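Please keep the sequence and the 3D view open while reading this note.

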Amino acid sequence: DVAGNTTSATEAGSDRSVTYDSLAPTVTLAQAATQADPTTGAPIVFSLTASEPLDGTTVSLEDFEVSNGTAVLTGSGSAWTLSVTPAGEGLVSVAPSAAFSVADPAGNATSEAAGTDRAVTYDSVAPTLTVTRADGQDATTNAVPLHFTLTASEALAVATLTSGDLEITNARTVTLDCTGDPTVCDITVMPAGQGEVAVSASADF
């Protein structure tokens, strides 16, 4: 000091470092990795991920445009979630809004978000099914096999369809062919005996 007292010791103190950060975070907005598409369930989940933790005061619902739904925003740091409750059937999508701007704690902001997979098809209505005699199939015949047509109101997941999805009377063998148009399946039946052969969708279809 000015009196000439010297010391080689540094007094205690803890706040001795400063983090210098001049780089804006990079962020990605997309459907969550675990989100099925299409889906029958709600909410539909989208993720905002950042290359570094974000200042939570800069992240809000105003940063996003939501189509066909209402969103709730949760999260912290570098991981944020938009949970969207669909307003109706069809595509539910999110996108950065015109006001999109998020920043890190140092104040470095970005108005851009990567990511392209931002739309999910919401479908909670089961298809309606109709089984009829196929075109050209006579109501009374001595020719086999017999042909029926299954028609759906929307595309079916044909890989999941089996003859077990049908209720059939007086049938020895049944073949279900849904190749081509996923809304139409050809049902081929070999009768087990004389009399009426009937086909319908089972209650567990």
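1. The model is predicted, not determined by experiment. Please keep this in mind for each value that follows.

2. The structure has 1 disulfide. Its partners are Cys-178 and Cys-185, whose sulfur atoms lie 2.0 Å apart. The pair counts as a disulfide because the cut-off is within 2.5 Å. The link between Cys-178 and Cys-185 is right-handed, with 110° about the S-S bond.

3. Are the two cysteines buried or exposed? Cys-178 has a relative accessible area of 11%, and for Cys-185 the value is 0%. Residues under 20% are called buried, so Cys-178 is buried and Cys-185 is buried as well.

4. The largest pocket has a volume of about 430 Å³. Its lining is made up of 18 residues, and those closest to the centre are Ala-139, Thr-141, Leu-146, Gly-195 and Val-197. By type, the lining of the largest pocket holds 8 nonpolar, 7 polar and 3 charged residues.

5. For the second largest pocket, the volume is about 200 Å³. Among the residues that line it are Ala-126, Pro-127 and Leu-129, along with Ala-155, Leu-156 and Ala-157. Thr-160, Leu-161, Asp-165 and Phe-205 also belong to this lining.

6. How do the residues lining the second largest pocket divide into nonpolar, polar and charged? There are 8 nonpolar residues, 1 polar and 1 charged.

Key: Residues numbered from 1 in each chain as written. Predicted model: local features only at pLDDT ≥ 70, side-chain atom pairs only at ≥ 80, totals over all residues. Heavy atoms only, no water. Buried < 20%, exposed > 50% of the residue type's maximum accessible area, 1.4 Å probe, protein only. 1 Å grid on protein atoms, 1.4 Å probe; cavity = no way out; pocket = protein on both sides within 12 Å on 5 of 7 lines; lining within 4 Å. Points joined across faces, edges and corners; volume = space filled by probe spheres on them. Nonpolar A, V, L, I, M, F, W, Y, C, P; charged D, E, K, R; others polar.
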